[in-house]
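Please read the points below alongside the sequence and the coordinates.

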Protein chains: 4
Amino acid sequence: MKDVRYHISEKHGEKHGRAGGAPKKSDELQRFGVSMEGYLLERFDQVIEKKGYTNRSEAIRDLIRDSLVEQDWDENREIVGTVTIVYDHEVRELSDTLTDLQHQFQKLFRSTLHIHLDEHHCLEVLVVQGKGGEVKKIADRLIGTKGVKHGKFTMTTTGKDL
Amino acid sequence: MKDVRYHISEKHGEKHGRAGGAPKKSDELQRFGVSMEGYLLERFDQVIEKKGYTNRSEAIRDLIRDSLVEQDWDENREIVGTVTIVYDHEVRELSDTLTDLQHQFQKLFRSTLHIHLDEHHCLEVLVVQGKGGEVKKIADRLIGTKGVKHGKFTMTTTGKDL
Amino acid sequence: MKDVRYHISEKHGEKHGRAGGAPKKSDELQRFGVSMEGYLLERFDQVIEKKGYTNRSEAIRDLIRDSLVEQDWDENREIVGTVTIVYDHEVRELSDTLTDLQHQFQKLFRSTLHIHLDEHHCLEVLVVQGKGGEVKKIADRLIGTKGVKHGKFTMTTTGKDL
Amino acid sequence: MKDVRYHISEKHGEKHGRAGGAPKKSDELQRFGVSMEGYLLERFDQVIEKKGYTNRSEAIRDLIRDSLVEQDWDENREIVGTVTIVYDHEVRELSDTLTDLQHQFQKLFRSTLHIHLDEHHCLEVLVVQGKGGEVKKIADRLIGTKGVKHGKFTMTTTGKDL
């Protein structure tokens, strides 16, 4: 049995078309080839057409960026997240509690959107920015507030390095 | 071996404490007993304290509501969702495309929040309401728009029946 | 404002390098170019190196296949899934119930793996194959069986067309 | 505006019905009351009946355990996971690579299930046990192996404290 210790030096040849002295963060477009079985490519093309992509590169970049956002999260880097909560505004002290939380952790909150869903229910989307860990903690608090019927935390990116 | 065909009639006894003629949708609080091993309850109490819940009922209601929102989605009922996108506003025709999409499907869009993340990047949260299937489709379109770096669809609830 | 109605005919030019009379499902490798900002490519290369990929094409194919498996699920096509359950084997009638379920729906079950985690707990992985909808239903039943402490349903693929 | 600093001392009154000197980890069943709006309870009852639960306590314990498993993961405690991979067994060196990986990290691997899906495709479920972080890392490696068409990592529990 061959001993494979996962050297991936062969990748580096493929990776760098440019000379060694290149700057660390390049905005320049780079082009590389991807190979794929014909039937796989056909199915991919069908799906991305349905989703409204105008070309494959864009769809592949989106898949890649999505996997990198998860990475940012795993490494506790700075992220942007949204906390979406639906609550009954008639529950006593709920609004005060939500407002207090936002003031206690005001550095994390970027902005808030409020919608009256019906005579009882409000939806609020709070945009938070910070390290993954602290952002998640405040999201848990908001979602756990008495009177909040449903809450979801969604993680996205600052857009930098992506 | 006993043949268990998953009759669960025994549940119904536990379920209805109230008389048969009760209205279909009751806002009245009902109280029932839950049994659990001591060590499980202790861990649950620790976790919900950390998340800021003030009592167990509230935490359990949240777990239940969360499972019901998924159910709404599976059954293509009316839901509310948020589409969070981060994009580079300098990409040509991107804003036009996003605006066009919102006008084409205007009945689905409730509101939009816009934030300038830095000199290049914008975050937009679009609140959409409609059947699960059509809401998901328009979310895919928005996320697939050229220039959108990252997009996420988050499903929540109208608050009704929850 | 330009009216963009999401014609994506321009993609088709890029898509088919081969002549029109080609067979529907081709196993032949096809190669196409993908363009990407330099800094995005660098981060992607770092992440896939960490995950043990030996080249970019393989990593991109994996991202694509993963998105197609979700598609199969959405369209209720035939899928393979695994149901992982952890249970206390001392709970009365639990094994009987699990066995009964597997016999009632035997066409869906391909194989089962059983592990004794400790003196009380067993882990069982059941491999199921069928339409997405029916597979999910039987998974819910297994996970909901009294005595099952934790259960997860994982969706994968038959490998065909992927 | 009232200053709410999230003291939750009022919970402790509800929490402990038993005397102070109780042992840390109790297997004894404890019973407590949960209150809920009637319409929410009705929907919950419908859903759990569909999923085959025989009573509410069991369904609620499952929701609670599921949230605790996520917690174990966040805190890098010992977990059990399954890695489900589908691969084409004709890809050169694939089996060797998979076997090598299992030997390099043999302490993490508990057992493996293998199924021949069709003449080309195999499904393998590998049961791994260890700290959340290291288990995830080896899962990434397996999924990233050349020739693996689809891979999923599923996290569950050792069953202890749950």
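1. The structure is a predicted model. For the complex, the predictor reports a pTM of 0.76 and an ipTM of 0.77.

2. Confidence along chain A. The average pLDDT of chain A is 83, and 85% of its residues score at least 70.

3. Contact between chains A and C. Here 42 residues of chain C meet 42 residues of chain A. On chain C, the elements that each supply at least two residues of the side touching chain A are α1 (9-15), β1 (29-37), α2 (38-50) and α3 (56-74). By class, that side of chain C consists of 16 nonpolar, 15 charged and 11 polar residues.

4. Strand pairing across the two chains. Which strand of chain A pairs with β1(C)? The partner is β1 of chain A, residues 29-37, and the pairing is antiparallel, with 9 bridges. Within β1(C), F32(C) is the residue that stands opposite V34(A).

5. A hairpin within chain A. Strands β3 (residues 109-116) and β4 (residues 121-131) of chain A run antiparallel and are joined by 7 bridges. One bridge pairs F109(A) with V128(A), the latter lying in β4(A). Together β3(A) and β4(A) make a hairpin, and 4 residues lie between the two strands.

6. Helix α2 of chain B (residues 38-50) packs against helix α3 of chain D (residues 56-74) at an angle of about 60°, the axes being 10 Å apart. Because of this angle, α2(B) counts as oblique to α3(D). The crossing of α2(B) past α3(D) is left-handed.

7. Residues in that packing. Which residues make the contact between α2(B) and α3(D)? From α2(B) come L40(B), R43(B), F44(B) and V47(B), while α3(D) contributes R61(D), I64(D), S67(D), L68(D) and Q71(D). Sorted by class, the contact of α2(B) with α3(D) comprises 5 nonpolar, 2 polar and 2 charged residues.

Terms used: Residues numbered from 1 in each chain as written. Chains lettered and ligands numbered in written order. Predicted model: local features only at pLDDT ≥ 70, side-chain atom pairs only at ≥ 80, totals over all residues. Contact = placed C-beta atoms within 7 Å. Nonpolar A, V, L, I, M, F, W, Y, C, P; charged D, E, K, R; others polar. Pairing = 2+ DSSP bridges. pLDDT = per-residue confidence, 0-100. Axes fitted to C-alpha atoms, helices over the stretch in contact; angles between N-to-C directions. Parallel < 35°, antiparallel > 145°, perpendicular 65-115°, else oblique. Left-handed = near helix turned anticlockwise from the far one by under 90°.
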